[in-house]
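Open your viewer, pick a cartoon view, and keep the selection tool at hand. We will go through this structure one stop at a time.

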Amino acid sequence: MKVLKFGGTSVGSAQRIKSVAKLICDGNQKIVVLSAMSGTTNSLVEISDYLYKKNHDGANEAIKRLHEKYKGVIEELYGSQEYKDRANELVASNLDYIRCLVKDMFTFFEERVILAQGELMSTGMMHLYLLETGVNSVIVPALDYMRTDKNAEPDHVYIKDKLTDLLKKNPDAELYVTQGFICRNAYGEIDNLQRGGSDYTASLAGAAVQAEEIQIWTDIDGMHNNDPRVVENTSPVRHLHFDEAAELAYFGAKILHPTCILPAKLNNIPVRLLNTMQPDAPGTTISNHIEKGKIKAVAAKDNIISIKIKSGRMLLATGFLRKVFELFETYHTPIDMVTTSEVGISVTIDNEKHLEEIVNDLMKYGTVTVDRDMVIVCVVGDLEWDNIGFEAKIIYALKDIPVRMISYGGSNYNVSLLIKASDKKRALQALSEHLFK
């Protein structure tokens with residue numbers, strides 16, 4: 001069995017829903033994971049914001065606008081009045097449920113309930129369309145099997161047991177349609193997976209049923225070898241190792257969340273990134289296979305802050321690094337890059353929420369320098385240390401660009417370089433020119 005996930009743009013209109021239905025109906029049994037229709041989650045966030053501010057008129061107006069949008073999609077999507085009525089009843093029920101929350105006290109719990117309605121509507125509408133076209137489709141409610149534990153991590157045993165039981169109830173179904181993103185927490189409350197959203201759902205479901213393959217369908221032809229918004233003539237990377245994909249995702253490739261494919265990696269299930277606009281394109285396959293001796297791609301992470309701590313007390317001292325890193329832990333601020341010398345440490349962060357407090361505390365240990373508007377450029381591939389010359393190629397490509405930090409050796413798949421944001425475009429173009437052409 002395969003697991004196929006479709007994002008919001010893939011089901012963002014009546015025509016897109018029809019195209020996805022045509023794509024998934026090939027006679028083979030599969031699990032189909034759907035996000036909310038594009039724009040819906042933003043509308044639901046807007047409604048929640050109004051309710052937090054106790055602006056009930058604003059919330060009702062936003063609900064009305066969302067309802068009108070769905071009425072238009074329903075009118076175009078279904079051919080018979082019977083299914084138009086059923087779909088309108090479904091959507092009205094979900095939106096009426098949100099209207100009920102307008103009158104009561106509003107907390108983050110109600111917000112999570114509101115955000116779940118987008119996926120519930122998109123899957124319900126797809127299911128009805130499949131039934132109208134004669135497909136044996138079954139809704140498998142994510143809220144009945146997708147659960148997180150007290151640490152907000154997926155409860156893998158629970159997910160596997162409950163999902164297996166739900167599938168056994170309808171063994172002859174061709175398509176099992178389920179919601180991405182949403183789940184219940186350890187206390188039975190409606191919640192969401194946060195990291196990776198629907199991609200995470202697909203990976204967890206695939207691992208639970210030991211899927212043959214997990215497919216992530218978006219509106220781009222796989223993961224590219226550089227940022228197509230910055231560099232011309234980029235091309236899709238046809239194969240990536242799971243760790244290469246995770247590095248690229250973490251350092252800027254928005255097509256995938258870095259942690260969402262971990263269940264697939266641990267269960268050795270290949271993941272394919274495919275394009276609903278070009279369904280015949282091969283896309284990108286991610287697996288545990290490594291292609292030796294190749295540099296695969298470049299990504300860039302913006303809005304980086306570098307912090308340098310210089311101190312004579314660090315020389316031959318023990319415990320200095322521990323004190324510095326514990327300070328960042330105290331403020332729940334992750335570190336991206338680290339470089340050290342005998343008298344100094346440089347680190348990068350992407351969250352300045354506690355920057356002032358961090359700098360004040362670091363000044364107890366030495367001189368602190370902060371550089372803003374920086375970018376981490378990440379080069380990914382088979383970068384084992386005995387692959388002679390790879391790091392030299394990367395450095396040579398950036399010979400005319402000032403580099404603030406270099407991190408090499410922490411991973412077999414990644415070389416990271418810190419540069420000014422103003423040099424980002426030149427750096428990405430130079431790397432493409434020297435590494436891929």
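**First stop: an exposed loop**

Select Asn268, which is exposed, with a relative accessible area of 54%. Keep in mind as you look around that this is a predicted model. Asn268 belongs to the loop between α9 (262-266) and β9 (271-275). Its backbone deserves a look too: Asn268 has a positive phi of about 55° although it is not a glycine.

Next, select Asn303. Where does Asn303 sit? You will find Asn303 in strand β11. Asn303 has a positive phi of about 60°, although it is not a glycine. Is Asn303 buried or exposed? With 62% relative accessibility, Asn303 counts as exposed.

**Zoom out: the whole chain**

The chain has 13 helices and 16 strands. Its radius of gyration is 24 Å, close to the 22 Å that the globule rule gives for 437 residues, so the chain is as compact as a globular protein of that length. Turn the model around and picture a box of roughly 75 × 50 × 40 Å along the principal axes, which the C-alpha atoms fill. Of the 437 residues in the chain, 52% are buried. If you take the contacts between residues at least 6 apart in sequence, 74% of them join residues at least 24 apart.

**Helix α2 and its buried face**

Select residues 40-52, which form helix α2. Now colour Thr40, Ser43, Leu44, Ile47, Ser48 and Leu51, which are buried in α2. Look down the axis of α2: these buried residues fall within an arc of 140°, so they line one face of the helix. What do the buried residues of α2 pack against? Their partners are α3 (56-77), α4 and α5. Just after α2, stop at Lys54, which takes a positive phi of about 60°.

The structure holds 5 aromatic pairs. For one of them, show the side chains of Tyr52 and Phe106: the ring centres are 4.8 Å apart and the planes stand at 85°, so this pair is edge-to-face. Tyr52 is in helix α2, while Phe106 is in the loop between α4 (81-102) and α5 (108-132), so the pair ties together parts that are 54 residues apart in sequence.

**Charges over rings**

Select Lys301 and Tyr250 together. The charged end of Lys301 sits over the ring of Tyr250, 3.9 Å from the ring centre. Then move on to Lys399, which lies over the face of Tyr396 at 4.6 Å from the ring centre.

**Last stop: helix α13**

Finish with residues 424-435, helix α13. Its 12 residues should span 16 Å at 1.5 Å a residue, and its end C-alpha atoms are 16 Å apart, which agrees. Which residues of α13 are buried? Colour Lys424, Ala427, Leu428, Ala430, Leu431, Ser432 and Leu435 to see them. Those buried residues pack against β11 (295-310), β14 (367-381), α12 (390-397) and β16 (414-420). You have already visited β11, the strand that holds Asn303.

Methods:
Residues are numbered from 1 along each chain as its sequence is written. This is a predicted model: local features need pLDDT of at least 70, side-chain atom pairs count only at pLDDT 80 or more; totals for chains, interfaces and linings use all residues. Side-chain values use heavy atoms; hydrogens and water are left out. Rings of Phe, Tyr and Trp (its six-membered ring) pair if their centres lie within 6.5 Å; planes under 30 degrees apart count as stacked, over 60 as edge-to-face and the rest as tilted. Helices (H or I, at least four residues) and strands (E, at least two) are DSSP runs, numbered from the N terminus. A charge sits over a ring if NZ of Lys or CZ of Arg is within 6 Å of the ring centre and within 35 degrees of the ring normal. Buried means under 20% relative accessible area, exposed over 50%, partly exposed in between (1.4 Å probe, protein chains only). The arc is that of the directions from the helix axis to the C-beta atoms. Contact means heavy atoms within 4.5 Å. The radius of gyration is taken over C-alpha atoms; the globule rule is 2.2 Å times the number of residues to the power 0.38. The expected span of a helix is 1.5 Å times one less than its number of residues.
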